[in-house]
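Hello,

Here is the structure for you to look over. My notes follow below it.

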Amino acid sequence: MATYTPHQDYHPKTSRREHREWLLFVLFIGPNLFLFSVFTYWPLLYNAYLSMVRWDFLRPAMPFVGLQNYISAFSDPQFWNIIWQTATFTVWSVGLTLIIGLMLALLLNQPLQFRNTARAVVFAPVVISGAVVAVVWSYIFDPRYGLIDQLLGFFGLDSPNWLIDSFWAMPAVIIVYVWKNIGYAVVIYLAGLQNIPRELYDAARVDGAGAWDRFWHVTLPGLSPVAFFLSVTSILTCFQSFDIIRVLTNGGPASATTTLVFHLYELGFVSYDAGKAGVVAIVLFLIMLALTMIQIRYVERQVTYG
Amino acid sequence: MDVTNEIEQRMAPAATRRQSLPFSLLAWRIAGYVAMLFVVLVIGLPVYWTVMSAFKETREIYSLPVTWWPANPTLANFPAAWQAAPFGRYYLNSFITTFLGAAAEVILALFSAYALAYLRFPRKDLVFLLLLAALMVPVEITIVPNYLTVARLGWINTYQGIIIPGAAIAYGTFLLRQAFLSVPREILEAAKVDGAGHLRILFSVVMPIAQPAIVTMALLSIVSKWNDFLWPLIVTNTTDMRTLPIGVFWLRNSEGLSNWGVVMAGSLFLIVPVLIAFLLAQRAIVEGMTAGAVKG
């Protein structure tokens, strides 16, 4: 016992101070964590529960049905169709954003006058509300009085009935998505271009590489980490995209532009099927979790190996 | 295309540059400007179209061929939109939810970031992780349970119902924590020696130094709350509680097809404030949105 005396003398004092600091820590971060528990983590668990009951939001009884909702969802061709449409929307939107974004970034990286103005114009749609963007575009797509019909008219073409035609509705959604989000990709690419060491270009030049070779062997590999980051982020954004679809096509015509997020909204707030909405929420969460994991792995590698 | 870059760097004196530009480079340069102009036109066209249509008479909008410039510019669409939907009320709702929502996020992020950066706590790293993990749960998948929670609280169609479920903030906390950690240790020590408590240190030492990051984060919150659509759409059920994006959406549903000019004017009610904010604080907004993407 005697050996501990000096320690005990010392310890309670710091411990009291430390406990006060712990209390302060809890007070400072508590509200934020509390809100996350109630409005983020609890809903996640509750979705898992909802996905295993049958409920219409009204009846007091919520019969437990086990995996029945999952089975009926995965055996429903319409559900697979929606997953397919989500994939189509995502692949096209992300692909176009990445490719056109790269071209624009290379252009706006040139020492041209007014390029900052051009960058601002390219980025501006990112800050405009997706819902209003879709409202504006629903006029632009108007097959008779819209802007696109006018532009196609220059080439002697007739505008399709974009939002009513089950083939053209998806391209319309993709066009609007790319228009709104391209600026984000451009800015990220531009930052990536700044990070490619000058010396690499100099070395390539000494080796007699032409502009095209340098683009192919220095710029592109140098941008590949940024492109990877962008593709994951854009895929996540696409999966969450709701406002454009809700306003532009309302998931139609005949579900042609219904994605998983829109389906979740429909099940929850149009057809009042809490169980099926829970299934979609869980499926969506698992897909996005997997994507985020890939991204975290990548960011860690970046940090560790420079 | 980076040939231009190369020459640019070799020819240091700007004055001699113009004369010594070889023809092929001049051609590249011109091609660059043409391409840039094209890009600006294509991307800017929808916004130009919106503005022009808002100043056109209804008759002109529905006559062919479509005009690129209003023949008889009119302001009539703006009061018409203001009357077709209660835009005054929408503005009020949007201002309240944006301001309070963003304020809540900033305050929560400030205190959380301070705690994570400077206060001792056992296994603080786990707490940080718990906060960051919230980023992995997208808002979209929480809508059904949150609607039930908000209904149970009796908050459907109220400001607190719109604001509080989205008030917690992970990304902003992360941004501010990074900024706080770069505050020089010596300054903090000096403040402690002077007997400043944690609140004093936060408000009069850390905040002024980290001000750029705080402004960036606040702008980001403001823009995202101003544009928020899904949650206010679900949680409001009367016209007088709708925010601007929901209001413009319903205006389109009622007036679209028959009155595009009015709908475009209504869209401008929402777009113009955000574009002005963007023009004034472009750098901070772009930085905030892209922070964390590129290391170094």
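Which residues are buried in helix 5 of chain A? They are Gly130(A), Ala131(A), Val132(A), Val133(A), Ala134(A), Val135(A), Val136(A), Trp137(A), Ser138(A), Tyr139(A) and Ile140(A). Helices are DSSP runs (H or I, at least four residues), numbered from the N terminus.

This is a predicted model: local features need pLDDT of at least 70, side-chain atom pairs count only at pLDDT 80 or more, and totals for chains, interfaces and linings use all residues. Residues are numbered from 1 along each chain as its sequence is written, while chains are lettered from A and ligands numbered from 1 in the order in which they are written.

Next, the domains. Their bounds come from an automatic or database domain assignment. Chain A has domain 1 (1–35) and domain 2 (68–305). Their centres, taken over C-alpha atoms, are 49 Å apart. Chain B has domain 1 (3–54) and domain 2 (81–290). Here 37 Å separate the centres, again over C-alpha atoms. Domain 1 of chain B puts 4 residues into the contact, and domain 2 of chain B puts in 6. Contact means C-beta atoms, placed from the backbone, within 7 Å.

Last, the two chains. Chain B brings 80 residues to their contact, and chain A brings 80 residues. On the chain B side, helix 3 (residues 23–54) gives the most, with 13 residues.

Best wishes

Note on methods
Contact = placed C-beta atoms within 7 Å. Helix = DSSP H or I, 4+ residues; strand = E, 2+ residues; numbered from the N terminus. Buried ≥ 20, exposed ≤ 12 C-beta atoms within 10 Å, placed from the backbone.
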